[in-house]
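Work through the exercises below with the sequence and the model side by side, and try each task before reading its solution.

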Amino acid sequence: MIYTVTFNPSLDYIVSVENFQLGLTNRTSSEMLLPGGKGINVSTVLMNLGIESTALGFTAGFTGDEIIRRLEEMGVRNGFIQVGEGFSRINLKLKSIDGTEINGQGPKIGTDKVDLLMKQLGELGQGDVLFLSGSIPSSMPDDAYQKIMAMLDGRGVRIAVDATRDLLMKVLPYHPFLIKPNNHELGEIFGVELKDRQSVIPYGKKLQEMGAVNVLISMAGEGAVLIAENGDVYEEPAPKGKLINGVGAGDSMVAGFMAGYMEKQDYEYAFHMGIAAGSASAFSENLATREEIEAVYQQITGKDQEVRKK
């Protein structure tokens, strides 16, 4: 089984406003409402690739009910735990002003609810896959990722971690199967500026020496680098395409990599699938479809590839 965790999911209200004017009433020219959060994004892309997963985490209030309803409508299974007070956050994303968004806070999560999630995760075992993505809400202990990985240590669960700075560094002793820093995050960890693919390789290897099994480094327009478990290093320039929406591209890359690895246990194929999924989402209004991922995969490799279907 495959599981994703989103501690603080959201309803993403994505709007375009032509000629936005501060201090005046503005009207949308387009709008979408989608379930959001890094783990949910991973589950969505996996579903688009024909791979079932179960989304876990916490929801609350009428917005939480709508997140679950929309996930079920999309075909994503969920085991979200309901929080009694507050409501799941609404994130406003203004497409017409690049990178502008207002993110809500989300509900406070009590220790009893955290214990319930730990109980859910405690049932994972050999052959299961778990994605831990994003930040930890302020109402939760900041060592939640460590506790999850310590609990599952030695059980044969492949864990992918997409987190920043301290959250990432603290899980390395538990040997996550995959981590995915970008070049800026990697540079922040080591206090250096990393601009090209060659420059990230030695620092990615340092994270591997510290415990990560595979290190996938995304570099936006510069492409990506993989330092694989077997010592092989793969690098690839960014595929050609128009950047439309960068939200969820990193989550898509993680989903594509793990989908590729689970299919063929081949790191080169997984790397290309990761790049294809991440880039296809960046080139799309929404998270990438199977057909969009196949098209970018063919551009990267020059091969027709029938991505795994249901």
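The model is predicted, so local features are taken only at pLDDT of at least 70 and side-chain atom pairs only at pLDDT 80 or more, whereas totals for chains, interfaces and linings use all residues. Residues are numbered from 1 along each chain as its sequence is written, and side-chain values use heavy atoms, with hydrogens and water left out.

**Exercise 1. The buried face of a helix**

Task: Determine which residues of helix H4 are buried and what they pack against.

Solution: Begin with the boundaries: H4 spans residues 144-152, where helices are DSSP runs of H or I with at least four residues, strands are runs of E with at least two, and both are numbered from the N terminus. Next apply the burial criterion, by which buried means under 20% relative accessible area, exposed over 50% and partly exposed in between, with a 1.4 Å probe and protein chains only. The buried residues are then Ala 144, Tyr 145, Ile 148, Met 149 and Leu 152. Viewed down the axis of H4, they fall within an arc of 125° and so line one face of the helix, the arc being taken from the directions from the helix axis to the C-beta atoms. An α-helix has 3.6 residues a turn, so residues three or four places apart point the same way. Finally, the buried residues of H4 pack against helix H3 (111-121), strand S9 (129-133), strand S10 (158-162) and helix H5 (165-171).

**Exercise 2. The core around the helix**

Task: Find which residues have the most contacts inside the largest nonpolar core.

Solution: A nonpolar core is a set of buried Ala, Val, Leu, Ile, Met, Phe, Trp, Tyr and Cys residues joined through side-chain atoms within 4.5 Å. The largest one has 44 residues, and those with the most contacts inside it are Phe 7, Leu 130, Leu 132, Tyr 145 and Val 161. H4 gives the most to this core, with five residues. Apart from it lies another core, of 40 residues, which includes Val 129, Leu 178, Met 262 and Leu 287. Turning to Tyr 145 and leaving aside neighbours within four places in sequence, its contacts (heavy atoms within 4.5 Å) include Phe 7, Leu 132, Val 161 and Leu 167.

**Exercise 3. A salt bridge across the sequence**

Solution: A salt bridge requires a side-chain nitrogen of Lys or Arg within 4 Å of a carboxyl oxygen of Asp or Glu, and the structure holds 13 of them. In the bridge between Lys 38 and Asp 162, the closest N and O atoms are 3.3 Å apart.

**Exercise 4. A tilted aromatic pair**

Task: Describe how the rings of Tyr 234 and Phe 271 are arranged.

Solution: Rings of Phe, Tyr and Trp (its six-membered ring) pair if their centres lie within 6.5 Å, and planes under 30 degrees apart count as stacked, over 60 as edge-to-face and the rest as tilted. A search of the whole structure finds eight aromatic pairs. Tyr 234 and Phe 271 form a tilted pair, with 6.2 Å centre to centre and 35° between the planes. Tyr 234 lies in strand S14 (residues 233-236) and Phe 271 in helix H9 (residues 267-282), so the pair ties together parts that are 37 residues apart in sequence. Both residues, Tyr 234 and Phe 271, are buried.
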